[in-house]
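The following exercises are to be worked through with the sequence and the coordinates at hand. Each task is followed by a solution in steps.

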Amino acid sequence: MALPDIMAYLPIIIPLLILQVTLMITALLHLVKNERLDRNNKIVWALVIIFVNLIGPILYLIFGRKED
Amino acid sequence: MRGTLAFLKKELIEHTRNYKLFIFFIVFAIIGILSPLSAKFLPELLESLMDENITIILQEPTHVDSWVQFFSNVNQMGLVVMILVFSPLMAREYEKGTLVHMVTKGLPRLSIYSAKLAMLYLSWTLFYWMSALITLGYTYYYFPDSSTEGLLLATVSMYIFGLMLLALLLLSAVILETTFAPLLAVGGFVGLLFLGELVPVIQEWSPLQLNSRNAQWLTGLEPGREIIQSFAVTGILTVFFIAAGAALFRKKAIN
């Protein structure tokens, strides 16, 4: 794809990236502070959060927190 | 009324702290952004992947494609995430026995029930329309000659369909007491609706029309009599689910 094409998509791609990164960082920050998970679990969740796009952080925030 | 508001406030704080509202915000915002993007982007992507010797004729995408993407994303992502996240909403209270204190201190059960319902409907209303507005904005930006013909009917019918599913979710959450059984109940109900599509008589009256025919109205198809039938059935079912849930919750043994 030519460069001008990419420029045309920037106004829509940048907010999308910001949302995804916000979600990922929120989940990671929560994971680091989470004391209910042991080290191995944390590593697995970190991989899921980082590499499973969009669904990964959501899965962690719904099922992985073990808070209540 | 005061009890309802107080309980609703508690629900709002709880759902903010356990990230549920945050998840909805992100998911629905992404749906709103992704729909126009994929409508605009997919044909170009296909073209660039194609071999030069093969030519496929792709129609220039229009605003209708953007909304088609929006409705399928709301169906497959938005509603699924919302029902999944809200599925444990009664089970957790039953399990931890948190309702006992409030009921014995004199908070009417109807207040609890209506606060739960208000929480569901507030979230759906807020995030669904936020998502629709984002899609509307980007659709105008990328398809400047787009019209809004039929748009109101298409978006409102999807919204009403969501209201019905959430009422059913609350009813099954009151009855079933477990974390994910309400999710299965709603899934089973939608499955039944799809089965009903095979029978023409049921299809004509089926609430499913509200979430599957949205795109047709955008292309200028006049909504016929069956859409009024569909709205009526959906409305009756919604009221029935809400009333049944309230009646059952009043008699429910809480321990």
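The exercises below treat confidence, chain architecture, salt bridges, annotated segments and backbone angles.

The model is predicted: local features need pLDDT of at least 70, side-chain atom pairs count only at pLDDT 80 or more, and totals for chains, interfaces and linings use all residues. Residues are numbered from 1 along each chain as its sequence is written, chains are lettered from A and ligands numbered from 1 in the order in which they are written, and side-chain values use heavy atoms, with hydrogens and water left out.

**Exercise 1. Determine in which helix of chain A confidence is lowest and in which it is highest.**

Step 1. Helices (H or I, at least four residues) and strands (E, at least two) are DSSP runs, numbered from the N terminus. Confidence in chain A is lowest in helix α1 (residues 3–33), with a mean of 84, and highest in helix α2 (residues 39–51), with 88.

**Exercise 2. Describe the architecture and the surface of chain A.**

Step 1. Chain A contains three helices and zero strands, in the order α-α-α along the sequence.

Step 2. Of its 68 residues, 29% are buried, where buried means under 20% relative accessible area, exposed over 50%, and partly exposed in between (1.4 Å probe, protein chains only).

Step 3. Contacts are heavy atoms within 4.5 Å. Among contacts in chain A between residues at least 6 apart in sequence, 52% join residues at least 24 apart.

Step 4. The accessible surface of chain A is about 4,400 Å², and 70% of this belongs to carbon and sulfur atoms. Accessible areas come from the Shrake-Rupley method with a 1.4 Å probe; for residues, only the protein chains shown count as cover.

Step 5. A nonpolar surface patch of about 600 Å² accessible area is formed by I6(A), M7(A), L10(A), I13(A), I14(A), L17(A) and I18(A). Patches are made of residues with over 30% relative accessible area and no salt bridge, like charges being joined within 9 Å and nonpolar side chains (Val, Leu, Ile, Met, Phe, Trp, Tyr) within 5 Å. I13(A) lies in helix α1 of chain A and is partly exposed, at a relative accessible area of 31%.

**Exercise 3. Which residues form salt bridges with K116(B)?**

Step 1. The criterion is a side-chain nitrogen of Lys or Arg within 4 Å of a carboxyl oxygen of Asp or Glu.

Step 2. K116(B) pairs with E11(B) at 3.0 Å, N to O. This pair links distant parts of the chain, K116(B) in helix α6 (residues 109–142) and E11(B) in helix α1 (residues 2–17) of chain B, 105 residues apart.

Step 3. K116(B) also pairs with E93(B), at 2.9 Å, N to O. Here helix α6 is linked to helix α4 (residues 91–96) of chain B, which holds E93(B), and the two residues are 23 apart.

Step 4. K116(B) is buried at a relative accessible area of 1%, E11(B) is buried at 0%, and E93(B) is buried as well.

**Exercise 4. Compare UniProt annotations with the predicted fold.**

Step 1. UniProt positions are given in the numbering used here, feature names are shortened, and annotations may be inferred rather than shown by experiment. An unreviewed UniProt entry places "transmembrane region" at several stretches of chain B, including residues 183–202 and 227–249.

Step 2. Residues 183–202 of chain B are 85% helix and 0% strand, with end C-alpha atoms 24 Å apart. Residues 227–249 of chain B are 100% helix and 0% strand, with end C-alpha atoms 33 Å apart.

Step 3. For chain A, the unreviewed UniProt annotation "domain: Cardiolipin synthase N-terminal" covers residues 23–65. That stretch of chain A is 79% helix and 0% strand, and its end C-alpha atoms are 15 Å apart.

**Exercise 5. Characterise E177(B) by location, backbone and partner.**

Step 1. E177(B) is in the loop between α7 and α8 of chain B. Its phi is near 65°, a positive value in a residue other than glycine.

Step 2. Most residues other than glycine have a negative phi.

Step 3. E177(B) forms a salt bridge with K252(B), with the closest N and O atoms 2.9 Å apart. K252(B) is in the segment after α12 (225–251) of chain B, 75 residues from E177(B).

Step 4. E177(B) is partly exposed at 38% relative accessibility, whereas K252(B) is buried at 16%.

Terms used. pLDDT is the predictor's confidence in each residue, from 0 to 100.
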